[in-house]
Amino acid sequence: MAIRLGLSLPQMKQFDIGRDIPAVARAAEDIGYESVWVFERVLFPTPMRQGLAGIEGLPWPDAYRSVAEPLVSLTLAAAVTERVQLGTSVLVAPLHIPFELARALATLDRASGGRVVAGLGTGWAHDEYAAQGVAPFSRRGKVLDELLDVCAAVWGPDPVAYEGELTQIVPSEVGPKPVRPIPVHLPAFSPRATRRLVRRADGWMPIAMGAPQLASAWQGVQDMAAEHGRERPIDVTVRINARLLDKPYEGDDREPFQGSLDQLVEDLAAHAQVVPGTYFFDLQNGARDGEELKDRAAAVYEAVAASGI
């Protein structure tokens with residue numbers, strides 16, 4: 001394949017996480033996927049006080065009522081796989097104590113032989129910030145910046161030392177160290193976030209939004225990189241929130257990656273043509289259990305491979 005293909009692991013409420021996460025991770029590796037991915041939701045407000053992604057009145061998906069903790073999920077996957085990368089898309093970084101998260105990611109990378117990709121974002125759910133109690137929502141950007149600093153320190157050589165608003169590390173030995181510098185990927189939906197991306201991250205982590213829109217956003221990232229004199233390449237990892245149907249979607253209002261297997265492959269080809277990189281499918285919605293998710297994953301992989309993308 002000209003692109004790298006990944007798969008989201010089963011974290012939602014319809015799955016038996018202790019059984020299905022390892023089973024799907026093993027299947028993904030056997031099928032040929034190059035990476036497996038997890039996301040983060042920590043609670044489901046009842047009644048809803050804020051719309052999905054901050055959009056007023058937009059309901060949260062029912063499957064968000066129970067989402068398995070992401071790093072525990074990746075640990076289950078790491079224990080039964082040898083090759084696939086283990087990615088987060090995304091961890092809501094300011095919900096985590098920076099030092100604790102840096103150590104957890106380093107430990108997982110060491111245990112897995114250097115396979116972790118840290119996708120970090122700031123999220124949008126005010127109630128999640130209130131529940132976690134690390135910092136207020138209004139401070140999310142500053143907390144992410146500090147967390148990136150802490151990760152760089154903790155993952156680097158000893159002695160580790162850092163002085164920040166949330167974190168104070170006296171000169172110390174801190175281990176285990178990651179096998180290699182853990183790649184950090186960031187979303188970027190604003191000029192400030194894009195500047196952070198080009199200054200500090202290894203990769204960009206958008207959502208598949210339609211090929212023209214993705215191409216335009218990618219051009220914005222490249223323009224910002226040129227403006228700031230970045231010469232190091234920026235990797236791209238694109239999340240695909242797919243809705244796989246048994247038959248083609250025939251309406252004029254079809255969203256990208258909504259429809260039959262052929263339509264999903266057609267959409268992937270259009271996206272990959274304008275922005276190369278890693279594309280990973282989240283096929284959890286509509287899958288009743290781990291076995292059905294494995295079947296969907298195999299069908300998607302085979303169709304993409306046969307297309308020559």
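Biologist: What volume does the second largest pocket have, and how should I read such a value?

Modeller: Rolling a probe the size of a water molecule over the atoms shows where empty space is left. A pocket is an open set of points, on a 1 Å grid over the protein atoms alone where a 1.4 Å probe fits, with protein on both sides within 12 Å along at least five of seven lines, and lining residues have an atom within 4 Å of a point. Grid points are joined across faces, edges and corners, and the volume is the space filled by probe spheres set on the points. Here the second largest pocket comes to about 220 Å³. This is a predicted model, in which local features need pLDDT of at least 70 and side-chain atom pairs count only at pLDDT 80 or more, while totals for chains, interfaces and linings use all residues. Residues are numbered from 1 along each chain as its sequence is written, and side-chain values use heavy atoms, with hydrogens and water left out.

Biologist: Which residues lie nearest the centre of the second largest pocket?

Modeller: Ala152, Trp155, Ile182, Val184 and Asp202 do, out of a lining of 13 residues. Helices (H or I, at least four residues) and strands (E, at least two) are DSSP runs numbered from the N terminus, and in those terms α5 provides the largest share of this lining, with four residues. By class, where Ala, Val, Leu, Ile, Met, Phe, Trp, Tyr, Cys and Pro count as nonpolar, Asp, Glu, Lys and Arg as charged, and the others, Gly among them, as polar, the lining has nine nonpolar, one polar and three charged residues.

Biologist: How many residues line the largest pocket?

Modeller: The largest pocket has 50 lining residues, with Arg41, Ala53, Trp124, Phe189 and Ile207 nearest its centre, and its volume is about 1,600 Å³. Its lining takes at least two residues from each of β5 (116-121), α5 (140-155), α6 (191-200) and β10 (235-241), and α5 gives the most, with five. The classes are 28 nonpolar, ten polar and twelve charged residues.

Biologist: Where are the cis peptide bonds placed?

Modeller: One runs from Thr46 to Pro47, with omega near 0°, and Pro47 belongs to the loop between β2 (35-38) and α2. Another joins Gly175 and Pro176, with omega about 0°, and Pro176 falls in the loop between β7 (168-172) and β8 (184-186).

Biologist: Is Thr278 buried or exposed?

Modeller: Thr278, in strand β13 (residues 278-282), has a relative accessible area of 7% and is therefore buried. Counting contact as heavy atoms within 4.5 Å, and leaving aside neighbours within four places in sequence, Thr278 touches Arg4, Ser35, Val236, Thr237 and Val238.

Technical notes: Buried means under 20% relative accessible area, exposed over 50%, partly exposed in between (1.4 Å probe, protein chains only).
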